[in-house]
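Hi everyone, thanks for making time for this. Have the sequence and the model open while I talk, and follow along with me.

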Amino acid sequence: MASGFRRAGGGQRPRASLHRTTEPPVTAPQHDRPWHDRRRLLLSGLLLGLGAAGAVDEIVFHQLPHWHHFYDRSTGTAGLVSDGLLHAATWSATVAGLALLADVRRRAAFAPARWWGAVLVGAGAFQTWDGVVQHKLLRLHQVRYGVDLTGYDLAWTGAGVLALLTGLVLLRRRTAG
Amino acid sequence: MTVLACVLAAAAYLGAAHLVPALRGRSRWPAGRTAAWGGGLGCVVLGSGGPLATAHGDLRAHMAGHLLLGMVAPLLLVLARPVTLALRTLPLHAARRLSRVLRSMPLRVLGDPFAAVVLNAAGLWVLYGTGLLTATAHSPGPHALVSVHVLLTGWLATAAVLALDPAPHRRGVTARAVALAAGAAAHDVLAKTLYAHPPAGTTRAAEGAELMYNGGTVVHLLVAAVLWRQWYVSRGAVRSAERVAPAPA
């Protein structure tokens with residue numbers, strides 16, 4: 001009788017806690033534990049890093065100095081599609097990352113070094129991919145037009161790789177420590 | 001005719017939200033939802049009639065109208081939670097019938113965020129990608145049909161993504177966020193394509209395309225914010241449940 005009560009989650013607290021080691025109560029969801037907090041923190045950093053890098057690319061380089069424009073005649077269909085996709089993907093990632101971050105902070109599971117590591121990995125991965133795949137392999141658009149590109153490309157992709165590596169080092173240090 | 005339909009819709013909502021609870025001594029309906037319903041209907045009137053709809057060939061005015069009709073109005077109408085209001089106001093029999101209709105196979109398929117978003121985006125691509133836009137610009141009948149289609153598919157897509165009203169087979173927040181992003185991407189690619197290749201017989205096409213792109217981004221961002229806020233609040237409920245019964249270390 002008594003054990004039946006406990007299984008239903010209504011037992012006395014000290015005794016019920018003995019039982020929880022084998023049988024967790026239904027009110028505390030299995031899928032919301034510290035391990036999930038860490039994963040959520042990581043995901044939030046990655047998404048915000050991706051969103052921030054995409055936003056910087058779009059706002060700073062596409063619109064402010066008009067290095068490349070909203071649309072220029074040389075942009076092909078693939079360029080139009082990739083611009084639209086990236087725009088939607090980056091702001092979606094930013095909103096999702098902010099919501100996850102707010103939840104992690106509310107749960108007091110925020111770890112600055114790990115989060116910044118994830119941000120740098122997300123931003124660096126985006127920048128590297130943008131520099132290598134979009135600019136060089138697919139040749140959708142270039143950093144700038146009418147000048148020698150070598151320096152710009154090195155700086156663009158190099159910044160991405162540097163951010164990516166720094167982020168990975170930060171993450172590894174946290175995992176080791 | 002639009003004005004008449006909107007006045008009727010406003011009267012029905014007002015009666016159900018504020019008159020019926022007062023008469024039956026029920027709990028009050030949040031005033032913000034009523035305001036959202038009014039604002040949504042206002043956007044429908046503005047977007048489908050008036051100067052925005054009669055500026056034939058001016059793509060910028062046309063886009064302003066469609067932005068109101070297909071994006072802003074649907075968001076406000078969804079925030080007003082009309083199905084929740086109907087279910088709590090209707091007599092039991094009628095409410096059961098309504099929920100049976102909502103559970104029926106066609107609505108389950110249409111109400112899936114991916115199906116609804118594809119339907120919405122495909123409608124836009126057909127309207128602007130083919131000659132349909134110029135064909136309907138000067139004939140009132142087809143023009144009205146296009147307006148109704150834009151409003152309904154926009155409403156369906158927003159309702160499916162946000163799922164604020166009771167939904168029997170609601171998908172998780174990630175799936176709905178991905179559906180929203182996919183729909184937004186299709187919308188943005190179309191806007192850039194219109195900028196590059198303006199539809200025949202339109203003026204101010206570049207400004208119209210930029211308005212579509214930027215306005216669309218703002219409304220999509222608002223929808224995403226509502227979606228993730230809803231997730232954040234629901235996680236809060238999980239957290240307070242954990243405080244009552246902490247998980248094992």
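**Loops and helices in a two-chain prediction**

Let's start in a loop: B:A163 sits between α10 (140-162) and α11 (173-196) of chain B. By helix I mean a DSSP run of H or I with at least four residues, and by strand a run of E with at least two, numbered from the N terminus. Before going on, some housekeeping: this is a predicted model, so local features need pLDDT of at least 70 and side-chain atom pairs count only at pLDDT 80 or more, while totals for chains, interfaces and linings use all residues. Residues are numbered from 1 along each chain as its sequence is written, and chains are lettered from A and ligands numbered from 1 in the order in which they are written.

Back to B:A163. B:A163 is partly exposed, with 19 other C-beta atoms within 10 Å. For that term, 20 or more other C-beta atoms within 10 Å of a residue's own means buried, 12 or fewer means exposed, and in between is partly exposed, with C-beta atoms placed from the backbone.

Next, the loop between α11 and α12 (205-244) of chain B, where we find B:R204. Phi there is near 50°, again a positive value in a residue other than glycine. B:R204 is partly exposed too, with 17 other C-beta atoms within 10 Å. B:H197 lies in the loop between α11 and α12 of chain B as well, and with 13 C-beta neighbours inside 10 Å, B:H197 counts as partly exposed. From the C-alpha of B:H197 to that of B:G15 is 48 Å, for two residues 182 apart along the chain.

What about α11(B) itself: how many of its 24 residues are buried? The answer is 17, so this helix is mostly covered. End to end, α11(B) reaches 35 Å from first C-alpha to last, close to the 34 Å expected at 1.5 Å a residue; the expected span is 1.5 Å times one less than the number of residues.

Helix α1 (residues 2-24) and helix α2 (residues 31-48) of chain B pack at an angle of about 175°, with their axes 10 Å apart. That makes α1(B) roughly antiparallel to α2(B). Axes are lines fitted to C-alpha atoms, for helices over the stretch in contact, and angles run from 0 to 180 degrees between N-to-C directions; over 145 counts as roughly antiparallel. Residues in contact have C-beta atoms, placed from the backbone, within 7 Å. On the α1(B) side these include B:Y13 and B:L14, and on the α2(B) side B:W37 and B:L41. The contact divides into 11 nonpolar, 4 polar and no charged residues. Here Ala, Val, Leu, Ile, Met, Phe, Trp, Tyr, Cys and Pro are nonpolar, Asp, Glu, Lys and Arg are charged, and the others, Gly among them, are polar.

How confident is the predictor? pLDDT is its confidence in each residue, from 0 to 100. Chain B averages 88, and 95% of the residues score at least 70. The model scores ipTM 0.85 and pTM 0.82.

Finally, chain A has 6 helices and 0 strands. Of its 177 residues, 32% count as buried.

Key
Angles under 35 degrees count as roughly parallel, over 145 as roughly antiparallel, 65 to 115 as roughly perpendicular and the rest as oblique. Two residues are in contact if their C-beta atoms, placed from the backbone, lie within 7 Å. pLDDT is the predictor's confidence in each residue, from 0 to 100.
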